[in-house]
Amino acid sequence: GTPASFVRYRVDLDMSPYSGSIFDVEEETGRIITKVNLNEEPSVTFKLFVIAFDDGEPVKTNSTMVEITVLQPSLIPIFTQEEYRFPLVSELAPLGTRVGTIFAAAINQTIFYSIVAGNELGHFQVNNRTGVISTAKPLDYENVTSYVLRVQADSMLVVMSNLRVPSKTNTAKVFIEVQDENDHPPVFSRILYIGGVTEDTKIFSSVLKIVATDKDTGNYSQNAYRLIIPPTPEGQDSFVIETYTGIIKSATMFRNMRRSYFTFEVIATDDYGKGLSSRADVVVSVVNALDMQVVVSTVPPHLVEEHREELIRILERHVQDQIPGAKVIVESIGPRRHGDGFELEDYSKSDLMVYAIDPLTNRAISPKELFKFLDGNVLEINKEFQPLLGEGGRILEIRSPDIVASVKKAAQAVGYTEGALLALAIIIILCCIPAILIVMVTYKQRQAECAKTARIQMALPPGGKAAPAAAPTANLYEELGDSTRANKSVIAEANHQRILSNFACRSMAAHGNGALHVDLPKSESNVTFLSDHNPLTTHNPVYDDNSPLSSPEAFPRGESSSEKRFSFSPPYSAGSDSVWSMPAHIPGGCRVVTGQGDHHLWTQTIGSFKYSKQK
């Protein structure tokens with residue numbers, strides 16, 4: 001306060017010179033004390049004038065008179081102890097719980113007990129007649145751990161006379177200690193803890209630290225932590241927590257899990273896990289370098305590490321202006337990296353790599369937005385950073401991480417060789433497409449041929465027997481739908497019949513020229529007719545391996561040619577029968593002729609010659 005409000009005290013010696021020689025007043029407290037031992041008679045009264053004054057300009061004063069009565073020693077009670085110490089009182093003790101008892105004695109006097117100091121909050125009370133001290137209000141160890149009470153015992157006569165007689169014998173001190181109880185659960189520093197892990201985070205890497213405090217003392221303030229994680233299909237927890245430190249660590253790999261996040265609960269229990277509990281929510285988002293930004297400053301890394309929490313709070317405040325509740329997380333603090341490939345390091349400057357998590361999506365804020373939030377407020381951030389970073393400390397730039405920048409440069413540095421290789425690969429692929437189509441078409445044609453062959457085999461009679469003569473060969477291909485082969489079959493059949501017709505006609509002509517002896521060899525290749533005038537050699541289309549062939553002999557020249565035109569004489573001996581047959585297929589230009597000679601009968605039909613001997 002001001003000097004005018006500061007009040008001090010002194011004795012007015014002009015108004016009370018004798019009393020002022022026996023009594024005095026403390027300047028600051030105003031308490032009246034004795035200067036000498038009193039040898040006065042009992043019931044003597046002293047009048048002492050006291051002046052109160054301030055330090056203002058001008059000084060203002062006021063005065064009052066104090067009457068002091070000297071009592072007989074027998075009227076002043078005496079405490080049995082100058083100090084009283086009682087057992088600990090539980091902070092959970094109900095109202096009226098007995099704390100202890102004080103005791104004073106006086107000759108032929110009724111004692112009156114009272115608390116004159118140390119009970120300003122009114123937590124205790126004393127029975128004026130018995131001296132029993134008890135609780136008057138609930139106690140709280142976390143607020144007040146101990147009390148020092150000053151108690152006084154007075155004669156009832158003095159009290160009724162409205163006199164207070166403090167002395168060394170009728171006052172005492174009472175020390176009361178409060179016992180701590182486990183009456184406060186742990187309190188987390190946050191309702192929601194937000195953390196992040198990168199895709200390349202190793203197992204058992206620290207993710208974030210959970211902090212919970214307890215107002216209680218001793219074991220009641222020691223917390224044990226545990227996680228409640230929803231079950232996964234693999235049955236493996238993604239995170240674990242150190243029981244007594246609260247550090248959450250990764251328990252699995254997070255490859256190819258960018259933009260994923262995990263939500264679970266953390267529980268803190270005091271008294272080393274046996275007391276009261278509280279819980280909080282935890283969100284851990286998976287990120288990678290694409291989600292980060294680097295804050296480059298002009299101070300070395302160790303200075304940034306010393307003020308890490310303060311610097312993060314500054315960055316977080318500017319991000320939260322745009323996204324309320326966003327959490328800025330430090331990925332790393334290291335020397336500044338620079339150069340074309342960021343291979344150079346400068347330890348006089350530092351790189352602070354950070355990213356931010358949006359509490360609404362539980363995912364990382366896009367790097368473009370994070371850059372905009374930070375770079376757009378770099379002047380204000382520098383003003384707040386400067387007292388922490390020292391003289392000359394400031395942010396140089398906000399940039400993308402080294403990996404992202406290197407990838408961009410590598411993409412821009414692709415040369416002609418890489419482009420040529422890419423073009424060659426495209427040409428090879430385009431050339432392979434027609435080849436693949438050709439193979440597919442050829443394969444389909446082959447399948448069609450196989451299907452036709454199968455239909456032909458199915459159309460043939462079982463057992464490999466020849467088809468009936470009445471069934472034309474061409475009809476089979478026509479029925480199968482192959483007109484090309486049907487035409488080829490008709491042409492082949494016509495050629496076959498033409499050869500037989502020429503053979504038959506020339507054979508008959510040879511008979512008309514005279515005697516003809518023809519040996520028919522057992523061969524399916526050629527048949528040779530020997531004649532004096534017109535030898536004939538032709539393919540043997542009438543060969544039958546099951547027919548016995550013999551040489552025909554012409555009739556005598558004197559016989560009619562018309563009658564002997566188709567006559568054949570097999571060699572035979574007297575008294576024997578012989579039949580000679582030659583299977584053939586004669587074209588439709590010849591007539592069926594039958595006749596007989598001397599003792600012989602011969603017959604020609606289309607498709608066969610037959611000779612028989614008549615007896």
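**The contact of α5 with α7**

Modeller: On the α5 side, E310, L311, I314, L315, R317 and H318 meet E380, I381, E384, F385, L388 and L389 of α7, where contact means heavy atoms within 4.5 Å. Sorted by class, this contact of α5 with α7 has seven nonpolar, one polar and four charged residues; here Ala, Val, Leu, Ile, Met, Phe, Trp, Tyr, Cys and Pro count as nonpolar, Asp, Glu, Lys and Arg as charged, and the others, Gly among them, as polar.

This is a predicted model, in which local features need pLDDT of at least 70 and side-chain atom pairs count only at pLDDT 80 or more, whereas totals for chains, interfaces and linings use all residues. Residues are numbered from 1 along each chain as its sequence is written, and side-chain values use heavy atoms, with hydrogens and water left out.

Two packed helices are described by the angle between their axes and the distance between the axes. For helix α5 (residues 308-320) and helix α7 (residues 378-389), the axes come within 10 Å and cross at roughly 170 degrees. The axes are lines fitted to C-alpha atoms, for helices over the stretch in contact, and the angles run from 0 to 180 degrees between N-to-C directions. The crossing therefore makes α5 roughly antiparallel to α7, a label given to angles over 145 degrees.

As for the setting, the protein has eleven helices and 35 strands, which are DSSP runs numbered from the N terminus (helices H or I, at least four residues; strands E, at least two). Buried residues make up 35% of the 615 residues, where buried means under 20% relative accessible area, exposed over 50%, and partly exposed in between, with a 1.4 Å probe and protein chains only. Among contacts between residues at least 6 apart in sequence, 63% join residues at least 24 apart.

N362 lies in the loop between β27 (344-358) and β28 (363-364) and counts as buried because its relative accessibility is 14%. Beyond its neighbours within four places in sequence, N362 is in contact with Y261, T263, V283, S285 and I357. E242, found in the loop between β21 (239-241) and β22 (247-250), counts as partly exposed because its relative accessibility is 29%. With neighbours within four places in sequence again left aside, E242 is in contact with Y225, I247 and K249.

How values were computed
Angles under 35 degrees count as roughly parallel, over 145 as roughly antiparallel, 65 to 115 as roughly perpendicular and the rest as oblique.
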